[in-house]
Amino acid sequence: MATAAQCSIWYYMSPTLHLHRRHGLLPQPQAARRGRWPRLQVAAVAGGARTDESIKSATDAEFFQLSDTRPIMLFDGVCNLCNGGVRFVREHDPNRSIRYIPLQSESGRKLLQRSGRSPDDISSVVLVEKDRTYIKSEAVLRIMEYLNLPFPQLAIFLKFVPLFLRDFAYDNVANNRYTVFGRSETEACEIL
């Protein structure tokens, strides 16, 4: 008795194969099936774009109203380095041109999702403006542009350093921030 594999090989080598394909009795060859995938992917991307737009419009209504369109700095609320960074920014931002929200808060999670990041991702500082989001070293440089002199000029100078080098340095500090600077004992954000 022939095995199933031998039967299928015999069937695909038979002279009636083309008749079965023509009448829909066999699955289409791989090349014919590939034509359907791009449409499915486009539909998935279009559905994702609609979801992103609805998240953006919902967060715009909540966080970027006509009365307050200032950018929002998202930071790790239990990291001592991050809390110190927020204190530093507040001291050098007399116009209060930046708002602050911890990444662990519900608002922070919404803004992370709006930015196309995982709501549980607390690995980076994020600056959310109405029309754009900055992460890692780009966020730090953009925040520096809102501060008093000499920080905007320093940000311009640091932009000449290639992004991959800036992000490499940023990642090394961010990955070791709890080890070097510690965590807040209260497990809650000190700055609101």
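**A walk through the model**

Searching the whole structure turns up 0 disulfides, a disulfide being a pair of cysteine sulfur atoms within 2.5 Å. Cys-79 is in none; the nearest cysteine sulfur, that of Cys-82, is 3.2 Å away. Cys-79 is also buried, with a relative accessible area of 0% (buried means under 20% relative accessible area, exposed over 50%, partly exposed in between, using a 1.4 Å probe and protein chains only).

A word on the ground rules: this is a predicted model, where local features need pLDDT of at least 70 and side-chain atom pairs count only at pLDDT 80 or more, while totals for chains, interfaces and linings use all residues. Residues are numbered from 1 along each chain as its sequence is written, and side-chain values use heavy atoms, with hydrogens and water left out.

Now for the packing. In soluble globular proteins, nonpolar side chains tend to be buried together. A nonpolar core here is a set of buried Ala, Val, Leu, Ile, Met, Phe, Trp, Tyr and Cys residues joined through side-chain atoms within 4.5 Å. The largest one has 20 residues, and Met-73, Tyr-100 and Ile-143 touch the most other members. Strand S1 (72-75) and helices H5 (80-91), H7 (136-145), H8 (151-158) and H9 (163-175) each supply at least two residues of this core; helices (H or I, at least four residues) and strands (E, at least two) are DSSP runs, numbered from the N terminus. H7 gives the largest share, 4 residues. Leaving out residues up to four places away in sequence, Ile-143 is in contact (heavy atoms within 4.5 Å) with Met-73, Val-89, Ile-98, Val-125 and Leu-127. There's a second, separate core of 10 residues, with Ile-72, Leu-74, Leu-111 and Val-128 among them.

Next, have a look at H9. Its buried residues are Arg-166, Asp-167, Tyr-170 and Ala-174. Seen down the helix axis, they fall within an arc of 90°, so they line one face of H9 (the arc is that of the directions from the helix axis to the C-beta atoms). H7, H8 and helix H10 (177-181) are among what covers them. On the other side of H9, Phe-164, Phe-168 and Asn-175 are exposed.

Last stop: Glu-129, in the loop between strand S3 (126-128) and strand S4 (133-135). Is this residue buried or exposed? Glu-129 is buried, at 12% relative accessible area. Its side chain makes a polar contact of 2.8 Å with that of Arg-142 (a pair of N or O atoms within 3.5 Å; within protein, one must be able to donate a hydrogen and the other to accept it, and residues adjacent in sequence count only if both atoms are side-chain atoms).
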